[in-house]
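Here is a short note for a colleague who is opening this structure for the first time. Please read the numbered points with the model on screen.

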Amino acid sequence: AELAALQQAAIVGSVFWSSALAELDSTAPLALPALMQRGLLVRRQASAFGQSDEYAFQHQLLHDVTYGTVLKAVKREGHARAARWLAARAVGREREFVVITAEHYERAGDSAKALEFYERARRDAETRFAHDAALRLIDRALAQPALNAPRQRFRLLHGRHIVFDRLERREEARLAAQAMHEWAEASNDDVMRADLATANMLRADHEGRAEDAQRLAEQAVALLAHSTDPAAASPLTLAHGELAWLAVERRDLVRAEQHLAAALEQARLTALLPSAQGGYDGYELQLRSIEIHALGLQERHAEAALAAERGLASLASRSRPLPHDRYILLQLLYRAQHRLGTLHEARATAQQALERALELAMPRLHATALLDVSEAALA
């Protein structure tokens, strides 16, 4: 009975919980005192789950050897039960338990549920700019046999491109974009083609290739000009947003206002989509940064500073604001304060932006933030 309990505990993991163990075998928790007395297990002072004691194997090697003695059929059933137990408790705790839940489902042979939980973990990692974790999770999701929806595969390929682009790993970003292109053409899907165009558009913008960015944004808009597909909203938001930004840079404020209105309309539609279909509720705030930038170019710095401060305050009301959004608004606030001559405030804001840039681990933002801090110090 003690050996059976130890084997069931090994299925849950090198760290496990009494109620999870009971999910696998209702009698197994009765053996825990004897297993602790033998020095095989230790009980932890605190537990990740209330009303459930937390235990750990005395050594990782002991766990691995014990797990290796469990029959395959018993493992599969045990992992399925452990996955269900964790899934019921992982809501709102993605960073802690969603990956573990996905791994249990994968070992149980439930590829569809494994894919669902890897996707949840991947989206969480991307929003936290946890680049390495996001790449690992994308690979795990792409390897799932249940991945048979063309657009779901494309979103994963797109996610890989986003991470490489953020890290300035340009050759890998180019290869990721090529994989996106090949899949979009194989699927003959204009939404995918538009998504690829906007991905290349943003890279062109980051590299200062304004003409290429303009051409790619117009290409995305043209591809979806007559589309009634709800998923078209996301690339249309990005394309019109880029066209608005480029118009502001040219001081063509009338054209900028037109594209911004179109982008905001699409952003609101994107916010209504489920996240699994590309839905995202942060575009509207990001588009407001274009308005703030336009105010600065018109020398309306006090209005720009006020708008940036309002934007930062609004982040507090969002459930999961992207750290990138905070950085952009801090940068815009810094520029407005600098031009208003409120130099102490500007320097403090520039320092805050630098701290956010370090959290994001994006080289181009880090470089820009360093330049702003040095400009503030010089002033």
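1. Start at a loop. Phe129 sits in the loop between helix H7 (111-127) and helix H8 (131-142). Its phi is near 60°, a positive value in a residue other than glycine. Phe129 counts as buried because its relative accessibility is 6%. Buried means under 20% relative accessible area, exposed over 50%, and partly exposed in between, with a 1.4 Å probe and protein chains only. Helices (H or I, at least four residues) and strands (E, at least two) are DSSP runs, numbered from the N terminus.

2. A word on the source. This is a predicted model, in which local features need pLDDT of at least 70 and side-chain atom pairs count only at pLDDT 80 or more, while totals for chains, interfaces and linings use all residues. Residues are numbered from 1 along each chain as its sequence is written, and side-chain values use heavy atoms, with hydrogens and water left out.

3. Another loop residue has a positive phi. Asn188 lies in the loop between helix H10 (170-187) and helix H11 (190-206). Phi of Asn188 is near 50°, again positive in a residue other than glycine. Is Asn188 buried or exposed? Asn188 counts as exposed, because its relative accessibility is 59%.

4. Now the whole chain. There are 19 helices and 3 strands. The C-alpha trace spans about 80 × 55 × 35 Å along its principal axes. Of the 379 residues, 47% are buried. Take the contacts (heavy atoms within 4.5 Å) with a separation of 6 or more: residues 24 or more positions apart account for 57% of them.

5. Helix H5 covers residues 72-87. How far apart are its end C-alpha atoms? They are 22 Å apart, which agrees with the 22 Å that its 16 residues should span at 1.5 Å a residue. The expected span is 1.5 Å times one less than the number of residues. Buried residues in H5 include Lys75, His79, Trp85 and Leu86. Ala82 and Ala83 are also among them.

6. The second largest pocket holds about 240 Å³ of space. Of its 15 lining residues, Val12, Gly13, Ile100, Glu103 and His104 are the closest to its centre. A pocket is found on a 1 Å grid over the protein atoms alone, as an open set of points where a 1.4 Å probe fits, with protein on both sides within 12 Å along at least five of seven lines; lining residues have an atom within 4 Å of a point. Grid points are joined across faces, edges and corners, and the volume is the space filled by probe spheres set on the points.

7. Which elements line that second largest pocket? Helix H1 (2-12), strand S1 (15-17), helix H4 (60-68) and helix H6 (94-107) each supply at least two residues. H6 gives the most, with 5 residues. The lining has 8 nonpolar, 5 polar and 2 charged residues. Here Ala, Val, Leu, Ile, Met, Phe, Trp, Tyr, Cys and Pro count as nonpolar, Asp, Glu, Lys and Arg as charged, and the others, Gly among them, as polar.

8. Look at His63 in helix H4. His63 is buried, with a relative accessible area of 10%. Not counting residues up to four places away in sequence, His63 touches Ala10, Gly13, Ser14 and Phe57.

9. Gln214 lies in helix H12 (residues 210-223). Its side chain makes polar contacts with the side chains of Glu218 (2.8 Å) and Arg250 (3.3 Å). A polar contact is a pair of N or O atoms within 3.5 Å; within protein, one must be able to donate a hydrogen and the other to accept it, and residues adjacent in sequence count only if both atoms are side-chain atoms. Leaving aside neighbours within four places, Gln214 is in contact with Leu243, Leu246 and Arg250.

10. Asp325 is in helix H17 (residues 323-340). At 3% relative accessibility, Asp325 counts as buried. Its side chain makes a polar contact with the side chain of Gln286 (2.9 Å). Beyond four places in sequence, Asp325 touches Gln286 and others, including Tyr280, Leu315 and Arg318.

11. Finish in helix H14 (residues 253-272), where Ala263 is found. Ala263 counts as buried, at 0% relative accessibility. Leaving aside neighbours within four places, its contacts are Thr237, His240, Gly241 and Leu287.
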